[in-house]
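Q: Hey, I've got a structure open and I'm a bit lost. Can we go through it together?

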Amino acid sequence: MADNSSASSQVPPELNTNVPQTARIWNYWLGGKDNFPVDRQVGDQILQAFPAIVENARASRAFLARAVRYLAGEAGIRQFLDIGTGLPTANNTHQVAQAVAPECRIVYVDNDPIVLTHARALLTSSPEGATDYIDADLRDPDKILQQAARTLDLTQPIAIMLMGILGHIADDDEAQSIVKRLLSGVPAGSYLTMNDGTDTSEEVVEAARIWNQSANPTYHLRSPDRIARFFDGLELVEPGVVSPPRWHPEPSASGLPAEIDSACGVGRKP
Ligand SMILES: C[S@@+](CC[C@H](N)C(=O)[O-])C[C@H]1O[C@@H](n2cnc3c(N)ncnc32)[C@H](O)[C@@H]1O
C-alpha cells in the first residue's frame, strides 16, 4: 500500500463504517489495511462460500496491469480515465502507464469517500505526466467527462477503464447507455477496457447473493456474452472477451492459465 496507516486510525466523519463498502472489501481481499470490521466480516463470509475470490481479485488487478502496459506500449495511448479506481494498491494505473511512458496523463474517478481520503497516493505523477482525481458517480458520465477535461485532452485518444464497476449498475440498458455516453465523448482511436464478475459458477453466484444482502453498492454478475455486448461497435483486441488470466498472459506462464469467474476485454473505437 502506498499509505501504511490503518483505516480505523483516521476515520473521516462522512465514512459509514457500519455498512460494508465495495472498495474496502476489495482492499481486504487484496491484502490491504484500509478496511473496517464490517468489511472483513462480509469479506470472510464470501471467502467461505467462494474461496477463489482472493485469486479472482489478484487476477483482476494483474489484468489491469497487463492491459495498461499494452495500451501505453503497443497501442501508444497516453491518456487514461480510470473510473471505479478503488483504494490505492500496488500497480495503480498511473504507475504502470508511466513506467512505459512517463508523459502519460491519468484521471481517476470514484464515488466512495474512503477512496477520496486516500487519493493523494494516486496523485504521485511523474514530472512529465499528470494525475488527477474526480469524486464522481459513474451514473453521471457528463460530469466525469467535463472534469476529466481539466487534465486530459478530449480531442486525443483516451483509454476508458471500467474495472469491476459495471456490475454495480444492475440494469443492462443503463450500463450500456453510460458506456456509450463515455465513448461518445472521446475520439476515434480511444479504447474501452473493462473487467467484471461473471455468473459462471455456483460459488460465485452464492458469493454475490451474500454480498447483496449486506454490502454497498449491490453487485450484479453478468454472463460473458452480456459483458461482451459492452464492446459492440468497437474493434476488439485479440483474444477478445475472455477470462482475465487468458488476456495476454505473461510469456513465462506455462500452458493456458486457469479461468476465473470474470470476463474482460479491450476494444478500440474505430
Ligand atoms: C471492485 S472495486 C474495483 C477497484 C479497481 N478498479 C480494481 O479493479 O481493482 C469497485 C470500485 O468502484 C467504485 N464504484 C462503485 N460504484 C460506483 C459508482 N456508481 N461511481 C463511481 N465509483 C463507483 C467503488 O467505490 C470501488 O472503488
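Q: Okay, what does asparagine 91 count as: buried, exposed or partly exposed?
A: At 43% relative accessibility, asparagine 91 counts as partly exposed. Buried means under 20% relative accessible area, exposed means over 50%, and partly exposed is in between, using a 1.4 Å probe on protein chains only.

Q: And where is asparagine 91 found?
A: In the loop between β1 and α4. Those labels come from DSSP runs numbered from the N terminus: helices are H or I with at least four residues, strands are E with at least two.

Q: What's the phi of asparagine 91?
A: Near 55 degrees, which is positive even though asparagine 91 isn't a glycine. Most residues other than glycine have a negative phi, and most peptide bonds are trans.

Q: Where are the cis peptide bonds?
A: One joins asparagine 216 and proline 217, with omega about -10 degrees. Another joins glutamate 238 and proline 239, with omega about 10 degrees. Proline 217 is in the loop between α8 and α9, while proline 239 is in the loop between β6 and β7.

Q: What does the pLDDT of the protein chain average?
A: The average is 93, and 94% of the residues score at least 70. Over residues 1-9, though, the pLDDT is below 50, and this stretch has 21 contacts in the model beyond near neighbours in sequence. pLDDT is the predictor's confidence in each residue, from 0 to 100, and a contact means heavy atoms within 4.5 Å. Where pLDDT is low, the predicted coordinates should not be read in detail.

Q: New topic: in what order do the strands of the sheet go?
A: Seven strands form an open sheet in the order β3-β2-β1-β4-β5-β7-β6, with mixed pairing. The edge strands are β3 and β6, each pairing on one side only. Two strands pair if DSSP finds at least two bridges between them.

Q: How do β5's neighbours run?
A: β4 (residues 159-163) runs parallel to β5, joined by five bridges. β7 (residues 262-268) pairs with β5 in the antiparallel sense over seven bridges. For example, leucine 162 has methionine 194 in β5 as its bridge partner, and threonine 193 has valine 266 in β7.

Q: Which way do the residues of β5 point?
A: Tyr191, Thr193, Asn195 and Gly197 point one way, Leu192, Met194 and Asp196 the other, and all are buried. In a regular strand the side chains alternate between the two faces of the sheet.

Q: What do β4, helix α7 and β5 make?
A: A right-handed β-α-β unit. Right-handed means that, with the strands pointing away from you, the path from the first strand over the helix to the second runs clockwise.

Q: Which residues touch the most others in the largest nonpolar core?
A: Leu71, Phe80, Tyr191, Trp247 and Val266, out of 35 residues. α3 gives the most to this core, with eight residues. A nonpolar core is a set of buried Ala, Val, Leu, Ile, Met, Phe, Trp, Tyr and Cys residues joined through side-chain atoms within 4.5 Å.

Q: What is leucine 71 in contact with?
A: Leaving aside neighbours within four places in sequence, leucine 71 is in contact with Gly76, Ile77, Phe80, Ala159, Tyr191, Thr193 and Val266.

Q: Why call α3 largely enclosed?
A: Because 16 of the 20 residues of α3 are buried.

Conventions: Residues numbered from 1 in each chain as written. Predicted model: local features only at pLDDT ≥ 70, side-chain atom pairs only at ≥ 80, totals over all residues. Heavy atoms only, no water.
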